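Please read these points with the model open.

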Amino acid sequence: MMQHLPIFPVLLPLVVAIILLRKREGVDPVRRTISITATALLVAVAFWLVSQVAGGETLVYRLGNWQAPYGIVLVADRLSAMMVLLTSLLALGSVIHASGGEDNQGSNFHGLFHLQLMGINGAFLTGDLFNLFVFFEVLLLASYALLMHGGGKARVQSGLHYVVLNLAGSSLFLIALGVLYGSIGTLNMADMAERVSQLPADRQGLVRAGALLLLVVFGLKAAILPLYFWLPRAYSSAPAPIAALFSIMTKVGIYAILRVFTLIFGEQAGGLSLLAQPWLWWGGLATLGLATLAVLSARDLRMQISYFMLISIGTLLCGLGMEGTASRGAMLFYMLHTTLINGGLFLLADMIADQRGKVGTRIVRSRKFRYATLLSALYMLGAVSSAGLPPLSGALAKAWLMSTATLSEGLWLWPLLLLSGLAGVVAASRAGSTIFWRNSNGDPVGEPLSRSKLTGTVMLLAWAPILVMLAGPIGGYTTATAEQLADTVQYRSAVLGHVASGESVDAD
Amino acid sequence: MAWLDKAWVDTALEALTAFFLIAGALITFISSFGMVHLRDFYLRMHGPAKATTLGVGLILVACMFYFLLIDRTFHIQLLLVTIFLLITAPISAHLLAKVALHQKLPSDASTTGAPSELREEDVGQEPDTPHPEDPGSGQRHSP
Amino acid sequence: MIGIALWISFFLVAMAIVLNAYRLLVGPSLADRLIALDTMYVNSIALIILYTIWLSSRVYFEGALLIAMLGFISTVAVCKYLLRGDIIE
Amino acid sequence: MLIKRCLPRPILSLILTLVWIMLSDTITYGSVIMGVILGVAIPLMTQRFWDAQPVVKKPMLLLRYTLRVMLDILIANLQVAWLIGRPWRRPRPAFIEYPLTLKRDFSITLLASTISLTPGTISANLRLDGRSLLIHVLDTDDEQGIIDEIYNRYERPLMEIYE
Amino acid sequence: MTLPWIPLLTFLGVFVPALAIRGGRTVCALATAIAPAIALGLVLYFYLGHDGEEVMRTSMQWLPALGLELAFRLDGLSLLFLLLIIGIGLLIILYTRYYLSEQDSMSRFYAFLILFMTSMVGIVMSDNLLLLWGFWELTSISSFLLISFWSHETTARKGARMAMTITGAGGLALLAGIMLIGKVVGTYSIETVLESHDLITSSPLYPAILVLVLLGAFTKSAQFPFHFWLPHAMAAPTPVSAYLHSATMVKAGIFLMLRLHPALSGTELWTVIVTLTGLVTLVYGAWFAFLKTDLKGILAFSTISHLGLITSLLGLGNSLALVAALFHIINHALFKASLFMAAGIIDHETGTRDVRKLGGLYKLMPITTALTCIATISMAGIPPLNGFISKEMFFTEALSSQQFGGLAWIVPLLAGLGGLFSVAYSLRLAYATFFRRPRQEPPKTPHEPPWLMRFPVELLVALCIVIGLMPTLPQSPILEDAARATVSGEMPEFHLSLWHGVNAALLLSMAVIAGGIVLHLLHRHMMRFNRQFRPQDARYIFEAFVQRLVGLCQRLIDRLENGSLQRYMFLLMAVSVLAMALGLADLDMLTGNLAQQTLDPIVALGAGLLIMGGVLTAALHRYRLISLLMLSVVGLVVSLTFARFSAPDLALTQLSVEVVTMILLMLALFFLPQKTPKESAGARVVRDVLIAIGFGGAVASLNFAVLTRDLDSISRFFIDHSVPGGGGHNVVNVILVDFRGFDTLGEITVLAIAGLAIFKLLNRLRLFMPATDMEGRLWSDDRHPTLLMVVSQTLLPLALLVSFFIFLRGHNQPGGGFIAGLITAVALILLYMSRGVEWAQQRLDFQFQPIAIAGVALSTFTGLCSWLFGYPFLTSTFDHFHLPLIGDIELASALIFDGGIYLAVVGATLMILANLGKLTTAHRPNKDIP
Amino acid sequence: MEALYAITTGILTASGVYLTLRGRTFPVVVGLTLLSYAVNLFLFSMGGLTTHGAALVGTSEHYADPLPQALVLTAIVIGFAMTAFAIILAMRSRGDLGSDSVDGNRTDREDPRENKA
């Protein structure tokens with residue numbers, strides 16, 4: 001079984017989805033049990049995977065027993081394993097929350113949820129660019145379906161934008177893939193890296209066009225500045241567990257950028273080396289800047305959380321655009337933090353909306369509701385962490401990222417990052433005090449608190465302190481990940497074996 | 001099938017292929033030509049309904065001969081397309097005619113006979129074709 | 001001989017398709033355009049068969065078969081739309 | 001009974017087997033066996049989609065009818081080609097109401113298809129009551145003649161075959 | 001490794017109140033006090049059992065990559081502050097027990113209080129700048145919680161938010177400063193930073209560092225112009241004001257300046273900024289304290305003023321000034337905390353804090369009056385109390401200051417002015433509250449509070465007196481050690497005493513006291529004088545500013561995110577064009593090294609048709625059906641193109657997909673409006689056309705450039721290994737089911753998800769159904785044309801046969817599961833079209849979802865089977881079997897995989913189409929007249 | 001031939017892009033379909049344009065590059081699934097929002113003949 005480990009995170013959700021989707025009937029306890037157990041199992045598998053690669057090994061899984069670059073390979077290195085673990089942790093919280101009733105709002109929730117996990121994990125693990133496209137589509141289509149879960153005008157409206165833009169994005173992806181294949185001649189990322197480093201000069205422009213187009217596509221997924229406009233509405237209208245899971249979706253874009261633009265167009269790529277860097281840097285700064293203003297503008301808690309997410313995206317992009325491996329380590333740590341906390345916040349917003357009746361999550365005066373203390377404490381936890389105030393994970397992550405900036409980078413990054421934090425503080429304190437404290441008189445009302453919703457939420461928000469407490473080992477892991485990312489030679493030799501590119505080998 | 005190896009067979013097959021090819025293509029062309037130059041929709045419909053079927057059929061026959069010529073085997077497979085077309089073409093034509101009648105496309109002035117489907121007076125008042133549950137509204141024309 | 005015949009046929013069929021395209025463009029009625037499209041499907045079968053002869057390879061035969069079938073179905077769909085609006089009711 | 005249950009439509013089975021052999025383009029044991037298997041299996045599978053089917057009473061007549069239609073198609077096409085190709089005389093089209101004596105959908109369909117495929121006529125509309133067929137004729141002076149011809153040439157044989 | 005226990009203990013104390021509250025309020029208070037008390041004991045134990053010269057330090061790696069350590073130190077400065085924090089904290093706990101009413105959640109209050117205490121302890125003990133910053137911001141957060149404790153009151157909420165925002169912002173500035181220090185010094189360890197004075201001050205970044213750090217300190221310590229949050233924080237319960245806003249939190253800024261004094265001070269910049277800010281704050285605070293009518297307001301501004309005093313002492317920079325500052329910190333904490341508590345008692349007893357409503361309390365509350373008056377005297381700097389001593393020291397330093405050259409007189413002037421006002425407001429406070437005849441009855445009749453509530457005040461006031469009389473008491477070890485930790489150079493000799501003899505400072509003091517009394521008498525005039533200035537409430541200004549900012553942001557964001565897909569799409573396309581253009585610009589020549597093939601006329605015809613179809617689809621998009629027909633032409637010709645260029649599989653797939661897409665689009669056409677209104681303005685159309693042309697041009701250029709270059713690709717491998725390795729002659733199919741079977745698995749999963757998703761979308765969907773077609777005709781009544789019905793059932797067996805054929809041969813000839821599946825699905829759909837959903841549904845009485853899922857499952861499990869043989873997922877195998885009569889049969893596991901594809905395609909396609917059809921049947925208006 | 005091919009792809013792409021920029025769902029969906037056709041043509045051609053080289057082992061000397069074909073096949077299927085979803089979504093948005101404008105903020109006033117069923 002050990003040698004099949006890298007494919008577990010893809011197959012497990014797929015098989016579970018198959019089991020769950022056999023029939024169409026509504027949710028029952030069995031279904032929930034299967035779904036939660038499977039997700040917990042996924043967490044275990046992901047931990048196992050992380051423990052296997054933590055030492056710096058790169059696990060390569062040759063699908064169909066075909067040698068790369070001819071067949072598709074799954075590659076589990078530190079980064080992939082970490083992302084898989086992150087996904088599964090987030091998913092566990094979301095799925096437990098969903099079992100509190102959200103899954104009954106439409107058909108096939110759990111099955112689609114696992115298919116989405118399959119797509120996400122596949123995207124993180126694959127070592128093949130076209131396969132990445134396929135998994136992108138799997139996760140996108142599943143996300144479209146889940147976004148519509150439960151229906152409603154806002155969801156349909158924002159979903160339409162999301163879907164249409166991403167469909168156009170898929171076409172762009174294919175164009176980019178076409179150009180890259182047509183000028184490099186391979187699809188395996190490691191092999192591409194190998195070939196790009198010795199690319200004839202008359203093709204550089206083509207590859208550059210393909211690479212930049214790829215950047216646009218990933219940027220669309222990751223929600224970089226001129227392409228992010230779809231995000232706030234889509235995420236804020238999505239059902240809570242899905243919105244929570246979506247917080248990893250933008251990270252898929254970030255991951256893809258990180259992978260492609262360090263491995264293929266990294267430092268060794270000759271004339272094309274680091275070609276995305278300036279775009280990421282300035283795009284990230286711009287995103288960060290606008291998101292800072294946007295977070296102040298939010299009239300709805302979910303919207304605000306979406307903008308928190310946008311801030312984090314800007315920050316991550318800046319981290320990608322910065323020089324050196326140190327910033328990568330910090331950026332990855334930040335990614336862990338923001339994904340989990342943002343996810344938790346979305347879940348929390350849903351619980352708040354349950355209590356507040358028809359006002360939902362709008363930041364207005366409302367009736368007095370039960371569990372306000374508990375919910376406000378959780379909100380505080382999430383908001384403080386998101387805004388980047390100590391003592392929670394956000395502060396640590398931001399400080400780390402800031403400290404890795406060179407002076408000239410810091411000149412831009414620091415003020416923006418700090419201002420975004422300040423804006424976050426202002427916005428969150430306004431929202432929190434209005435929602436929890438500006439109540440009309442009378443006895444508190446509200447639905448009884450769903451235990452599974454609470455569990456799911458706490459499971460995610462708890463990472464804010466946990467990440468701080470375990471900052472040492474986790475930070476060490478992300479630092480090591482960053483170093484491994486920089487060492488493309490190791491990746492390439494792990495994937496391609498000792499075979500030089502272009503020479504054929506016998507499979508089987 | 002030794003007789004197939006003879007030289008005259010080759011020539012004959014070549015001739016047949018060429019003939020059927022050109023015949024098929026010509027019929028195809030003429031039917032499309034008719035579709036362009038005939039005066040009203042109902043006339044234009046005649047070409048495609050059958051001529052193209054035959055045209056394609058003939059070309060397929062040519063193709064059979066051709067493969068007989070080069071492989072010395074009889075590929076009956078190719079006839080299937082024709083069968084398919086024979087089944088489907090009249091139905092498409094029928095449906096298209098129905099559409100035209102439904103849309104009350106005018107027929108050429110020289111057309112004799114005026115089917116109830118094309119009567120103008122009904123427009124906008126009643127459903128234009130007789131409804132089975134409403135026999136009073138439909139006029140029946142017996143020849 | 002076959003070569004010449006083939007090219008003549010190619011030319012004729014191509015011209016037929018051009019004529020279809022003309023009808024498709026000009027209309028005037030939807031039914032006209034539709035029949036032009038239907039004919040174009042059938043003519044492309046002819047084109048494929050000619051291509052088959054040209055290549056002396058029968059790999060495209062299924063293509064011809066499929067066009068025959070699917071062309072019909074798409075014509076039916078449009079007709080149904082024009083007659084009833086809802087094609088699957 | 002068993003045969004009837006296994007072979008609900010013997011003719012269809014036969015046709016399918018033949019078509020399979022045509023498709024596979026070879027006559028080997030393998031293809032024939034496969035064809036027979038499919039010829040039995042597919043009708044069984046699709047049985048539920050069939051309306052009650054008329055029984056072919058006179059198979060030989062059906063064969064003759066088929067051949068006649070084939071021939072007519074050839075002629076029809078040449079005629080139509082001629083009509084279309086000559087620019088000097090405009091055709092005289094006509095709509096004709098054809099009263100049907102056939103009752104069954106299947107045979108009506110056969111008739112309508114035949115009409116559409118043969119000389120200068122297209123069955124344009126089957127009236128909803130199923131009693132009459134609207135036919136568009138490309139070029140005619142004699143409407144009654146066409147009705148009679150259709151009746152004698154096609155409808156009566158079909159009546160004999162199926163009804 | 002024992003030092004971390006101190007903050008840890010206090011931190012653990014956070015959880016105590018919630019547990020202890022069950023035992024009652026007194027138990028809760030006592031239990032809460034345990035942890036801080038032990039911590040205090042520990043502090044003293046460590047400190048006393050330790051050689052005074054050496055700084056106690058301990059550190060643990062936390063996040064080495066960041067330079068963050070869990071490092072603590074305990075030096076004199078920390079000690080001084082720890083004593084204040086924990087000591088006064090304990091008193092506050094006691095006081096609170098009596099202050100809070102029954103309705104208030106005591107456990108919550110205590111938890112916040114202890115949280116705050118922890119963060120203060122953390123600040124003063126941190127030996128790492130980042131750690132310090134962490135605790136620093138934590139004080140902002142915990143003070144936010146404390147100030148907003150009475151969250152139902154607007155003032156509390158707004159005050160809390162303001163405090164949080166201002167101090168939080170200052171904290172962020174501090175972080176930037178810390179980052180810069182880290183850049184300069186290379187570490188965040190305070191120990192190292194303190195030794196790097198020269199390095200830091202000589203760095204070009206020094207001004208930035210200084211300003212940023214001071215921003216942090218000034219906001220926290222409510223220095224002008226960041227002072228305005230403090231008065232509004234007075235909405236907090238009084239224990240909070242006493243604790244946070246007099247004794248501790250506001251001192252955090254001072255502490256920071258003290259802590260970093262050895263590293264940052266000693267420059268002209270430091271002196272100018274710090275001294276002037278301090279002095280201005282001193283005067284400003286004192287003046288407004290004089291004018292305030294709210295008891296806590298007076299105290300708040302007085303605090304501001306005193307903080308200014310301490311700050312200016314720090315700015316002056318010589319070591320004696322530092323000592324004075326340290327001393328005044330202690331004194332101020334003592335008298336101000338006691339005053340706040342006294343104010344709380346008065347508020348508690350009378351029900352008001354407005355001095356205009358108070359008066360004559362000395363009769364009713366003699367002890368409280370006495371205590372308050374002593375503390376007030378100390379605050380006013382009147383001998384013989386401790387306040388006087390430190391103020392004397394301040395005047396001494398002010399008078400002897402040598403900074404500012406010719407403007408040196410400004411320091412004593414401002415210092416004197418500040419002193420003057422402070423005497424005045426102290427007098428006013430005492431007089432108006434206790435001695436003046438009351439103008440109106442207070443809401444409640446006051447009497448003395450419970451003894452234990454008064455006890456903290458008594459203790460503090462006693463300390464004031466003791467220190468005043470015996471100023472040397474705190475000198476050793478507390479002040480000396482604290483000063484040693486602060487002063488960079490030689491420790492100065494200093495001697496604290498009440499009487500220094502007659503000197504300039506004393507004269508100044510006297511003058512100030514006298515002036516203060518005069519001023520107090522003139523109070524009414526002063527009020528009148530002040531009234532001519534427009535009253536500017538900082539809270540409203542701040543709120544208005546925030547509101548405006550928020551409004552501005554809202555407008556900006558609403559403008560940007562206007563919910564217009566057209567704009568988003570335009571941006572996406574524009575960015576893509578840019579991306580491609582940048583790449584193309586990098587290309588020397590568009591045409592590559594390969595010669596072009598000659599054009600044959602048929603291809604030209606095809607291209608012409610494609611171009612026509614494409615352009616017309618776009619141009620005629622407002623006539624939707626025609627546009628659709630044009631799209632159909634494009635689809636057909638695309639598949640012909642695939643056929644032309646040697647891709648039979650693609651041609652077949654494209655054809656079948658195209659038909660299903662057409663059917664779907666026809667459905668959409670029915671349910672959507674049938675025409676597109678003309679709504680794009682000309683400019684928009686031009687813009688779109690331009691961007692479309694740009695995009696198309698870029699794609700065409702890329703296409704051409706790639707086509708004219710040769711390619712060294714990996715595909716030779718597939719052709720070579722297809723037969724030996726994959727057991728199939730159709731390389732494309734072998735790639736799909738074997739070499740890249742994983743892609744295909746993903747692809748059918750996508751298809752299945754699409755089915756599921758569409759099923760989900762159609763749930764409870766009600767659509768508009770037009771009763772007429774677009775030209776206003778009623779629909780035909782012939783629902784299911786007879787001929788079509790007959791033919792569709794005839795076609796079904798044939799189609800199944802063909803699809804089976806295409807499926808079987810897929811591995812060796814064009815075909816495969818996907819195309820076969822689509823053919824089957826389309827044939828079934830034809831049935832639906834010809835016979836209606838109800839009819840078909842009766843005969844297809846099974847659900848399609850299980851079929852689609854079964855397909856995916858089949859493919860997955862085929863792949864999993866290879867695990868049994870120890871091969872990776874999806875490893876295929878094939879073998880030849882010999883059957884009698886039939887002959888050689890080749891069976892590949894890929895065929896089963898392909899079977900899964902077939903099932904998935906059939907299931908998914910039918911799910912999509914049949915469900916869609918089913919949706920409409922029930923309520924179709926058959927014959928309605930519009 | 002290559003030039004013509006490229007130009008055709010370009011024009012199809014341009015038409016598709018133009019349509020995706022329209023303000024109503026139907027043209028947008030049609031545009032996406034058109035775009036995906038164009039992109040498939042583009043991707044397909046990345047292995048070069050080969051006549052008489054179907055990738056069936058044993059039928060030819062020079063084969064067309066089979067890999068782009070396989071990719072396009074996958075892309076067609078995925079594109080189909082996506083288009084289908086987009087179409088249904090367009091219908092759903094019409095049903096829920098009462099308009100087929102992509103932004104849902106305009107009503108269908110232009111089509112008074114339609115009545116709610």
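Predicted model: local features only at pLDDT ≥ 70, side-chain atom pairs only at ≥ 80, totals over all residues.

1. The charged end of Lys220(E) sits over the ring of Trp136(E), 5.2 Å from the ring centre. The criterion: NZ of Lys or CZ of Arg within 6 Å of the ring centre and within 35 degrees of the ring normal. Arg22(F) lies over the face of Tyr18(F), at 4.2 Å from the ring centre.

2. Residues are numbered from 1 along each chain as its sequence is written, chains are lettered from A and ligands numbered from 1 in the order in which they are written, and side-chain values use heavy atoms, with hydrogens and water left out.

3. Over all chains, the search finds 68 aromatic pairs. Rings of Phe, Tyr and Trp (its six-membered ring) pair if their centres lie within 6.5 Å; planes under 30 degrees apart are stacked, over 60 edge-to-face, the rest tilted. Tyr235(A) and Phe346(A) have ring centres 6.5 Å apart and planes at 65 degrees, so this pair is edge-to-face. Helices are DSSP runs of H or I, at least four residues; strands are runs of E, at least two; both are numbered from the N terminus. Buried means under 20% relative accessible area, exposed over 50%, partly exposed in between (1.4 Å probe, protein chains only).

4. Phe645(E) is in the loop between helix H29 (624–644) and helix H30 (648–671) of chain E, and Tyr5(F) is in helix H1 (residues 2–20) of chain F, so the pair joins two chains. Phe645(E) is buried at 2% relative accessibility. Tyr5(F) is buried too, at 8%.

5. In chain D, three strands form an open antiparallel sheet, ordered S1-S3-S2. Strands pair if DSSP finds at least two bridges between them. S1 (94–99) and S2 (121–126) of chain D are at the edges with a single partner strand each, so one side of each lacks a neighbour in the sheet. S1(D) and S3 (residues 132–137) of chain D pair over six bridges.
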